[in-house]
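Biologist: I am new to this structure and would like to learn how to read its contacts. Could you walk me through a few?

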Amino acid sequence: MKYILALDQGTTSSRGIVFDERGAICGVAQKEFRQHFPQSGWVEHDAEEIWQTQLETARQAIKNARVAARHIAAIGITNQRETTVVWERSTGRPIANAIVWQDRRTAPVTERLKRDGVEAHVSRITGLVLDPYFSATKIAWILDHVPGARARAEKGELAAGTVDTWLLWKLTGGAVHATDVTNASRTSLMNLRAQAWDPELLKLFDVPASVLPEIRACDATFGVAPAELFGAEVPIRAMVGDQQAALFGQLCTRPGMAKNTFGTGCFMLMQVGEQAVDSRNHLLSTMAWKRGDAAATYAIEGSVFVGGSAIQWLRDGLGIIRSAPDVNALASSVPDADGVMMVPAFTGLGAPHWDPTARGVIVGISRGTKAAHIARATLEGIAHQVADLMQAMTADAGKALDVLRVDGGASASDMLMQMQADLLGVPVERPKVVESTAQGAAFMAGLAVGVWSDPSQIEHIRRIDRTFAPVWSADRRSAARAQWQRAIERSRRWDEGKAGT
Ligand code: ADP
């Protein structure tokens with residue numbers, strides 16, 4: 001039996017997972033790390049802690065799987081995207097905390113660039129909008145705020161990268177400074193079609209080429225983790241950003257196939273084939289993956305900021321449930337939401353609405369409204385947001401979806417999945433293993449070293465847990481969707497002109 005070690009470096013925890021050649025999980029370890037919020041809107045991680053927790057959990061996962069390190073054929077890395085680290089080449093020491101994807105400190109920079117009228121240009125090259133979310137402005141911020149950093153960068157003394165690049169540097173003892181096309185596509189510095197750093201964008205965002213890693217395919221020969229780390233030398237044969245890894249783990253290997261991850265937020269990606277698609281519906285155009293010498297594969301992506309975290313709000317904010325899974329019993333204690341609608345726009349609305357001033361609303365409350373109706377409306381609110389994404393996506397792709405593949409913590413809710421199928425009018429398919437992200441990195445690495453010869457071989461080992469077929473009539477669906485549009489209107493622009501401005 002051959003094994004693959006997946007390193008799944010997330011926003012709140014690092015995980016190591018050992019998969020066998022049937023795609024089954026044989027050992028897992030997980031460790032949370034600290035979130036730093038030095039100022040309002042700022043989010044940082046200690047990059048050393050990311051590395052330490054990742055190393056520990058990888059070692060523990062191997063132990064838990066009871067496999068000898070020499071039987072591990074390859075390592076696949078998947079990671080929180082956009083989060084940025086800058087470190088010293090000579091010591092491998094970070095010069096500042098990592099700036100996390102959620103961090104908004106560089107908003108003034110992207111606002112200025114928008115006023116300068118360059119957004120359409122940036123978007124044409126990168127597929128992205130101008131937003132502090134992406135790495136470019138984060139790298140420049142560190143170089144401009146750590147004393148002496150910019151001068152050191154110009155001299156070639158500093159290295160920068162997203163979390164994949166940082167982990168690779170640490171795993172190879174500083175021998176390799178590289179990234180993969182999916183992570184590079186989230187920096188705002190890469191030409192999406194050429195998969196190369198764009199000199200004009202480097203100038204625009206004020207990032208010196210000297211700090212940037214080399215861009216490779218997702219299944220490139222990235223380097224070797226030495227025997228001191230895991231007990232035997234293990235080649236690193238895959239790097240892929242978390243959402244793209246999930247798309248691959250869900251085996252969305254043909255154009256038009258899509259997955260949605262129901263986590264804290266919701267992330268939907270649709271594979272669109274070998275040509276990047278410029279979204280006309282406010283979605284992002286991004287890399288899906290690139291394997292070997294084959295042409296690159298592209299995706300369109302949309303995200304909902306508040307997904308499963310709306311359920312956590314029912315628990316922590318309202319106190320109407322004790323744990324997240326309790327939402328299902330409460331919501332199913334009533335036959336419907338009795339006209340109540342909930343738009344969980346707690347931090348504004350993401351794609352395709354893009355309204356940072358929107359706030360959450362609950363509408364349609366009457367004298368008979370109970371906690372159960374609000375719980376049900378909350379689940380429906382998550383499903384409606386995902387339906388909004390899918391509508392934009394199918395409009396961009398020019399083609400309807402056959403099935404939506406799902407994963408993530410909240411995909412455990414049968415009720416939410418049934419609502420999703422009903423609101424989409426499309427079947428929702430939940431696999432047995434919902435660890436699609438780690439699985440995607442493991443599949444990519446396993447294919448690279450010949451554990452599997454091609455993706456069709458993996459299709460045989462992917463098991464479906466349950467398919468939720470839509471049961472609503474088209475009329476009922478369009479009535480519900482129209483009602484949702486009215487609720488969304490009420491959430492929009494709520495925070496605009498706050499304090500009389
Ligand atoms: P992330 O990777 O973004 O941290 P997860 O994929 O672990 O998130 O999903 C966590 C979310 O799933 C939580 O917001 C929680 O509310 C939700 N969740 C977990 N279990 C259930 C369940 N049985 N029913 C509904 N929601 C659930």
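Modeller: Gladly! A polar contact is a pair of N or O atoms within 3.5 Å; within protein, one must be able to donate a hydrogen and the other to accept it, and residues adjacent in sequence count only if both atoms are side-chain atoms. Here the side chains of arginine 105 and glutamate 44 make such a contact, at 2.9 Å. This is a predicted model, where local features need pLDDT of at least 70 and side-chain atom pairs count only at pLDDT 80 or more, while totals for chains, interfaces and linings use all residues. Residues are numbered from 1 along each chain as its sequence is written, and side-chain values use heavy atoms, leaving out hydrogens and water.

Biologist: Is arginine 105 buried or exposed?

Modeller: Buried means under 20% relative accessible area, exposed over 50%, and partly exposed in between (1.4 Å probe, protein chains only). Arginine 105 has 9%, so it is buried, and aspartate 103 is buried too.

Biologist: With which residue does arginine 105 form a salt bridge?

Modeller: A salt bridge needs a side-chain nitrogen of Lys or Arg within 4 Å of a carboxyl oxygen of Asp or Glu. Arginine 105 pairs with aspartate 103, with the closest N and O atoms 2.8 Å apart.

Biologist: How many salt bridges does the structure hold?

Modeller: There are 33. Another one joins the side chains of lysine 31 and glutamate 56 (2.9 Å, N to O). Lysine 31 is partly exposed at 35% relative accessible area, and glutamate 56 is partly exposed at 39%.
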